[in-house]
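Open the model in your viewer and keep the selection tool ready. Each stop below says what to pick and what to look for.

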Amino acid sequence: MPRPLGELEDSVMTRVWKWNRPVTVREVLEDLQQERSIAYTTVMTVLDNLHQKGWVRREAEGRAYRYEAVSTRAAYAAALMNEAWQRSDNPAAALVAFFGMMSAEQREALSDAMRIVQGPAQVPTTEPDRVPAAEPGQVPAAEPGQVPAAEPARVPPAEPVQGPAREPENPGGVEPGAER
């Protein structure tokens with residue numbers, strides 16, 4: 001289970017996840033400086049720490065590195081939620097309390113996620129002949145008192161939830177110089 005990111009680590013990773021491309025220390029620094037005063041070396045240290053923890057991979061480009069996320073923010077959030085749930089002495093009560101804190105929009109997102117995980121709902125019926133077949137792209141109508149089948153979700157499959165991968169340490173132990 002990944003340790004929760006610190007405040008500055010989260011600010012840096014938010015940009016890396018949002019931009020979804022390899023980024024330089026300078027790019028992250030300039031964006032962070034719109035919110036707070038921060039030094040180049042601080043951002044460089046945070047990205048190096050995130051690399052050592054396995055959250056980002058890096059590739060040398062000239063005298064600098066470009067950093068890229070190893071995992072998605074969704075996978076990170078899922079791993080944190082899973083860990084918190086597993087640590088509970090009463091997981092069912094923890095889920096009930098968590099669901100009780102959710103907004104209507106969050107409950108709808110949960111419902112959508114459950115449909116994706118479970119697949120389309122089965123139409124319960126005692127007379128299968130009475131449920132009309134659906135045209136491609138349509139959901140069959142339900143008989144009175146029945147639950148209509150859910151439309152298949154048009155969402156890409158979720159990435160597996162896993163902790164960050166680790167790259168081997170820099171074998172030469174020499175960092176490329178700071179970018180200019």
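Predicted model: local features only at pLDDT ≥ 70, side-chain atom pairs only at ≥ 80, totals over all residues.

Start with Arg57. This residue counts as partly exposed, at 35% relative accessibility. Strand β1 is where Arg57 is found.

Select residues 56-61, which are strand β1, and residues 64-69, which are strand β2. In which sense do β1 and β2 pair? They pair in the antiparallel sense, over six bridges. Pick Arg58 and look across to β2: Tyr67 stands opposite. Next pick Glu61. Its opposite number in β2 is Ala64. In a regular strand, side chains alternate between the two faces of the sheet.

Move to the turn. How many residues lie between β1 and β2 in the hairpin? There are two. Gly62 sits in this turn and has a positive phi of about 65°.

Select Val70. This residue lies in the loop between β2 and α4, the helix of residues 73-87. Val70 is partly exposed, because its relative accessible area of 25% falls between the 20% and 50% cut-offs. Val70 and Trp55 are 15 residues apart along the chain, yet their C-alpha atoms are separated by 5.5 Å.

**A helix crossing**

Select residues 7-19 for helix α1 and residues 40-52 for helix α3. Two packed helices are described by the angle between their axes and the distance between the axes. Here the angle is about 80°, and the axes are 10 Å apart. So α1 is roughly perpendicular to α3.

Which residues make the contact? On the α1 side, pick Leu8, Glu9, Val12, Met13 and Val16. On the α3 side, pick Thr42, Val46, Leu47 and Leu50. Colour them by class: the contact of α1 with α3 has seven nonpolar residues, one polar and one charged.

Select Asn20. Its place is in the loop between α1 and α2, and α2 covers residues 25-32. Is Asn20 buried or exposed? Asn20 is exposed, since its relative accessible area of 67% is over the 50% cut-off. Check the backbone too. Most residues other than glycine have a negative phi. Asn20 has a positive value, near 50°, and is a residue other than glycine.

**Over to helix α6**

Select residues 104-118. This is helix α6, and Leu110 is found in it. Leu110 has a relative accessible area of 27%, so it is partly exposed. What does Leu110 touch, leaving aside its neighbours within four places in sequence? Leu110 is in contact with Phe99 and Met102. Leu110 and Phe99 are 9.2 Å apart in space and eleven residues apart in sequence.

**Zoom out**

Show the whole protein chain and colour by secondary structure. There are six helices and two strands. Follow them along the sequence and the pattern is α-α-α-β-β-α-α-α.

Now colour by accessibility. Of the 180 residues in the protein chain, 24% are buried.

For the last view, display contacts. Take those in the protein chain with a separation of 6 or more: residues 24 or more positions apart account for 54% of them.

Conventions: Residues numbered from 1 in each chain as written. Heavy atoms only, no water. Pairing = 2+ DSSP bridges. Helix = DSSP H or I, 4+ residues; strand = E, 2+ residues; numbered from the N terminus. Buried < 20%, exposed > 50% of the residue type's maximum accessible area, 1.4 Å probe, protein only. Contact = heavy atoms within 4.5 Å. Axes fitted to C-alpha atoms, helices over the stretch in contact; angles between N-to-C directions. Parallel < 35°, antiparallel > 145°, perpendicular 65-115°, else oblique. Nonpolar A, V, L, I, M, F, W, Y, C, P; charged D, E, K, R; others polar.
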